[in-house]
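Take a look at the chain below before reading on.

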Amino acid sequence: MADTAYIAGIYEHPTRNAEGISTAELHADVAFGALADAGLGLSDVDGFFCGAEAPGVGGFSMAEYLGLTRLRHMDTTETGGSSYMVHLSHAAQAIAAGKCDVALITLADRPVAGKAGPRLAGVDFSLIPERHFQPPVPPFPMLGYAMVARRHMHDFGTTSEQLAWVKVAASHHAQHNPQARLRKVLTVEDVLASPMVADPLHRDDCCVLTDGGGALVVVRAEIARQLKRPPVRIRGTGEAMQHAAGGRVDLTRSAGVRSGAIAFAEAGLTPEDIRYASIYDSFTITVIVELEDLGFCAKGQGGRFVADGNLIAGVGRLPVNTDGGGLCNNHPGNKGGMTKILEAVRQCRDEAHPAVQVPRHDLVLAHGTGGSLAGQHMAATVILEAM
């Protein structure tokens, strides 16, 4: 990625319930917002990236709707919540290859207003080829993650109190975010007192369900230097898949082991160099497993690592998800990867809320997973550098 691509514009939609706003309108809102942040216009965009939630014929329809008339590169890769780290990586690669100069990446969906629940728009899980050969476990996300949590507890002695600390940290950050879905500061006792939804996961161990979206503008280095916004360099990226393998999986190990290693190698860095991390937090156990797999602590030590406020900005060793994350702030369209990048960029720019801004913010990491840690999933890792 040697000085090739930079994030020049970002935007997070303020809504958490999009009654009266169509999915296409949400895509347009976030696209215009990110382009305005970058100081660019639709006529500058020659690369477009989106996921399966885009209405119509995906990117084809959205390009028409947005009026992107100069496109010469398009990517509609769909990997669930990790899609937008993957798109960011692919945009940087396309720019490096000369396929585009200004790439626009959008996410927008409305599962709350549309009463769709915790599903991925545009994805028909009934058509998955191996589905008929899998055990008859109800396809609710919290059940698979409850299995991961219980296995982690069995193997490493992780406790419900340690899981709760992930939510507590998110709530401490969300109180400073006026757009956050949940802003009440919680204690470990509050989390453990919330209803049990899938043993050992309580309601407060689970992420929020929201409408909305976000967008990124990625540009060639020469263009970034001409813009007024602080450029954020894409230093390294990595992606990896882990298969369900007929159930023969290690529930405590994710594809983040490989995606993180690839990103760190490409960036020429180690976890010790990172000052802030946006970690996918579909559930509290997700954060613990990913922190271990990315190398921030040893396998089995994640519960101890997150305890006692260690993820809280200004208190702990590694501030995580300073916007409140998916656990308290926003999880648009059941895909949390986009918001992880947005807050990482804010940290790099020194534009996070003053109460949670990390003093040393030159190197930050964003990591996402799509699918389920209990089986088939895609992990993607991005390392960003303030310039």
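At what angle do helix α5 and helix α9 pack, and how far apart are their axes? The model is a predicted one, and in it α5, spanning residues 160–174, packs against α9, spanning residues 284–293, at an angle of about 100° with the axes 8 Å apart. Angles from 65 to 115 degrees count as roughly perpendicular, and α5 and α9 are therefore roughly perpendicular to each other. On the α5 side the contact is made by Q162, L163, V166 and K167, and on the α9 side by T284, I285, V287 and I288. Sorted by class, the contact of α5 with α9 has 5 nonpolar, 2 polar and 1 charged residues.

Two of these contact residues turn up again in the lining of a cavity. V166, listed for α5 in the contact, lines the largest cavity, and so does V287, which is listed for α9. As for volume, the largest cavity holds about 50 Å³ of space, and the structure has 1 cavity of 30 Å³ or more.

Helix α3 (residues 83–96) and helix α12 (residues 337–349) pack at about 60°, and their axes are 6 Å apart. Roughly perpendicular begins at 65 degrees and roughly parallel ends under 35; α3 and α12 are therefore oblique to each other. Here Y84, M85 and L88 of α3 meet G337, M338, K340 and I341 of α12. The residues of this contact comprise 5 nonpolar, 1 polar and 1 charged.

Now for the chain as a whole. How many helices and strands does its secondary structure come to? There are 12 helices and 11 strands. Along the principal axes, the C-alpha atoms fill a box of roughly 55 × 50 × 40 Å. The radius of gyration is 19 Å, which agrees with the value near 21 Å that a compact globule of 387 residues would have.

Technical notes
Residues numbered from 1 in each chain as written. Predicted model: local features only at pLDDT ≥ 70, side-chain atom pairs only at ≥ 80, totals over all residues. Heavy atoms only, no water. Axes fitted to C-alpha atoms, helices over the stretch in contact; angles between N-to-C directions. Helix = DSSP H or I, 4+ residues; strand = E, 2+ residues; numbered from the N terminus. Parallel < 35°, antiparallel > 145°, perpendicular 65-115°, else oblique. Contact = heavy atoms within 4.5 Å. Nonpolar A, V, L, I, M, F, W, Y, C, P; charged D, E, K, R; others polar. 1 Å grid on protein atoms, 1.4 Å probe; cavity = no way out; pocket = protein on both sides within 12 Å on 5 of 7 lines; lining within 4 Å. Points joined across faces, edges and corners; volume = space filled by probe spheres on them. Rg over C-alpha atoms; globule rule 2.2 N^0.38 Å.
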